[in-house]
Amino acid sequence: MSGSVRALAAAVLAVAGLSGISGCASPDAPREPRTTGTVLTVTRVSPVDAKLSWHGKAPGAAGRIVEFATEPRGPWTILTYAPLSQTTYRHPDLIPETHFSYRVRPYYGPASRPVDVALPKGAFTKAEQQEEHTWAPPRTIRRAGVRTSPARGPAATPTDLRAKIMHANGIRFTWTDHAEGERGYLLEDRPRGDDSFRPVAVLDPDINSFGLITLPNEKRASYRVRPVTYGERSNIARLTTGERPAGRG
């Protein structure tokens, strides 16, 4: 299945491979430096490839986001949602002779109870790819009488997560949103045989219905959702790319 097809059902924020999710242009640019003890460095491993490394603690965080900008004050774009165990990130094929700034921030939010899904056998056919999948776009289903709490606390844990199989490669998820002030929602999965959950879609705040077009390795998987807020950022690390190497681009 092509990435473009999966993007059909993905959120506005695009998926950048299964190592993380990208695409969120973050307009906020703190006026004064703020650090959390996380120290970030960036090195040029080729004229147009960068490697980021960081260390430091983020107690209670679910993971970290890695962001970049080409202007000193942003806008900032999220490159990946990294697990806490991840301490490096390679940013390849950069624009030549351009200034890049990077920062890392922890993200927080309680995850829902997971649901297990076993899809029927069958590939994502051309006929299915041409369908409109009107069930898939992220949306908000209004529900009266639902109590909400700040997104970082346990009372904001999503409840009633349900997975409805729409076809052999499509699942519609719905849940009850209890979060206030969240910056968005993450849909995470753990394919059978994997050790940990990973983000597979980033959704806007207040979304509680979303359809995922699955990958071949997701025929059997566990899914969960979490509201997210962001913590304070690391120092900003900068580099300037060189000339484009011969034979690239």
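Mentor: A definition to start: two strands pair if DSSP finds at least two bridges between them. Also, this is a predicted model.
Trainee: OK. In strand 3, which residue is the bridge partner of leucine 40?
Mentor: Tryptophan 54. Strand 2 and strand 3 run antiparallel and pair over 7 bridges.
Trainee: What's the strand order in that open sheet?
Mentor: The order is 2-3-6, with antiparallel pairing. Strand 2 (39-46) and strand 6 (88-91) are the edge strands, each pairing on one side only. From one strand to the next, the twist averages 20°.
Trainee: Switching to histidine 91. Buried or exposed?
Mentor: Buried, at 9% relative accessible area. Histidine 91 lies in strand 6.
Trainee: What does its side chain make a polar contact with?
Mentor: The side chain of tyrosine 102, at 2.8 Å. Beyond four places in sequence, histidine 91 also has contacts that include Phe68 and Leu79.
Trainee: New topic. How many salt bridges?
Mentor: The count is 6. Glu67, Arg103 and Arg105 form a network of them. Arginine 103 meets glutamate 67 at 2.7 Å, N to O. Arginine 105 meets glutamate 67 at 3.0 Å.
Trainee: Is glutamate 67 buried or exposed?
Mentor: Buried, with a relative accessible area of 0%. Arginine 105 lies in strand 7 and glutamate 67 in strand 4, so that pair ties together parts 38 residues apart in sequence. Arginine 103 counts as buried at 1%, and arginine 105 counts as buried at 6%.
Trainee: And which residue does glutamate 218 bridge to?
Mentor: Arginine 198, with the closest N and O atoms 2.8 Å apart. Both residues, glutamate 218 and arginine 198, are buried.

Methods: Residues numbered from 1 in each chain as written. Predicted model: local features only at pLDDT ≥ 70, side-chain atom pairs only at ≥ 80, totals over all residues. Heavy atoms only, no water. Helix = DSSP H or I, 4+ residues; strand = E, 2+ residues; numbered from the N terminus. Axes fitted to C-alpha atoms, helices over the stretch in contact; angles between N-to-C directions. Buried < 20%, exposed > 50% of the residue type's maximum accessible area, 1.4 Å probe, protein only. Polar contact = N/O pair within 3.5 Å; in protein donor to acceptor, adjacent residues only side chain to side chain. Contact = heavy atoms within 4.5 Å. Salt bridge = Lys/Arg side-chain N within 4 Å of Asp/Glu carboxyl O.
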